[in-house]
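Subject: Structure handover and notes

Dear colleague,

Please find the structure below. My notes come after it.

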Amino acid sequence: RISWISDIIVVVSPENIETMKTIVEKYGHKKVTVVKGGITRHRSIFNGLKVFAESEFSKYLLQKPEVVVIHDAVRPFVEEDILLEVVMAAKEHGAAGAICPLVSTVIAASADGCLDHSLERARYRASEMPQAFLFDVIYQAYQQCTDYDLDYGTECLHLALKYSNVKAKLVEGTADLWKVTYKRDLYAAESIIKDNLSQQICVITGVQEDAVQVGFLLHESLKSQVKVEVIPLSLCKNDNHLQNMFSGGCYNFIYMHDKQSAMQETQLLVDMLEKSNITFSYPVMLILVHLNSSEDISFSTGMEELTSIKKFAKEVKIKNIWVYGLLIHYK
């Protein structure tokens, strides 16, 4: 989703190559090349860099970049701002990396398991990702690495200093660059995703009076908790308006109607969402609410509508659009 990044190399363990290729194909990622990793972190990074420089990888036909960014997949929350900052610093200094203050004091233990010494916390920083390098700086550093470096080293910035004599510029990172390391971290990551994706809602209403009225009642009940906007279906059909909503971070939509079947309008909404390409990066939620005031509605009629929505939802989920149906029958 970041236009100025031309290629993304995903380095994975050999047993996960096919799984990763399936994910790339499923979500339609166009800039991703999957490369087999090595047995250590540095050997994997080196394999990723070779795609741009060695003849054995010529089948990928990727142009050598001016700057390469190295990032951990276990740090899923990286914003464009910090990426841009380390890239611009790398262009000026040759190398740059994100850092964060230490939250605990680092101590060294002696051979007998007792305290040997501690580091002055204010003088030290935790090295984070992303890190960025002029391509030639980091590639030449890896070419000169010893087997010990490749097997036991952990810090790319240190390799640039050791073998290319380039002092990295350190950039203050953000709190959300932490690593998903333990199982409990998955719950924290899930919570962050839910929090980020549920702060804005767009309520789309049909032209019918009931749908408009309920839409505005929904606005009144939700406005103290989240940012909510109510718009008519006719305005939603405007591509520019939809793009503006995406730019503002809105990926949640509620379509309120009282028609017997609104699948045609729903398909139109989904087509517009898909055309925006935002669904490749973010899951989009669409809740269809059918308000029905008919006196003679039957249970089977309601189930038929919900069944059709369920089938439709299954089809569009592969496009990262999550559709839910809600039937409200009232007198």
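The notes cover a sheet, one of its strands, and a pair of helices.

This is a predicted model, in which local features need pLDDT of at least 70 and side-chain atom pairs count only at pLDDT 80 or more, while totals for chains, interfaces and linings use all residues. Residues are numbered from 1 along each chain as its sequence is written, and side-chain values use heavy atoms, with hydrogens and water left out.

The sheet

Five strands form an open sheet in the order β10-β9-β11-β12-β13, with parallel pairing. Its edge strands, each pairing on one side only, are β10 (227-232) and β13 (321-329). From one strand to the next the twist averages 20°. Helices (H or I, at least four residues) and strands (E, at least two) are DSSP runs, numbered from the N terminus; two strands pair if DSSP finds at least two bridges between them.

Strands β11 (residues 252-257) and β12 (residues 284-292) run parallel and are joined by six bridges. Phenylalanine 253 has leucine 286 in β12 as its bridge partner. Helix α11 (residues 263-275) lies across β9 (200-205), β11, β12 and β13, and runs at about 165° to β12. Axes are lines fitted to C-alpha atoms, for helices over the stretch in contact, with angles from 0 to 180 degrees between N-to-C directions.

Strand β9

β9 pairs with β10 in the parallel sense over six bridges, and the partner of isoleucine 204 in β10 is isoleucine 231. Six of the six residues of β9 are buried (under 20% relative accessible area, with exposed over 50% and partly exposed in between; 1.4 Å probe, protein chains only). Gln200, Cys202 and Ile204 point one way, and Ile201, Val203 and Thr205 the other way.

Threonine 205 counts as buried because its relative accessibility is 4%. Leaving aside residues up to four places away in sequence, threonine 205 touches Ala211, Val212, Gly215, Val230, Ile231, Pro232, Leu233, Tyr255 and Met256. Contact means heavy atoms within 4.5 Å.

Helices α2 and α4

The axes of α2 (residues 41-50) and α4 (residues 135-144) come within 10 Å and cross at roughly 125°. That makes α2 oblique to α4 (under 35 degrees is roughly parallel, over 145 roughly antiparallel, 65 to 115 roughly perpendicular, and the rest oblique). The contact is made by His42, Ile45, Phe46, Leu49 and Lys50 of α2 and Phe135, Ile138, Tyr139, Tyr142 and Gln143 of α4.

Regards
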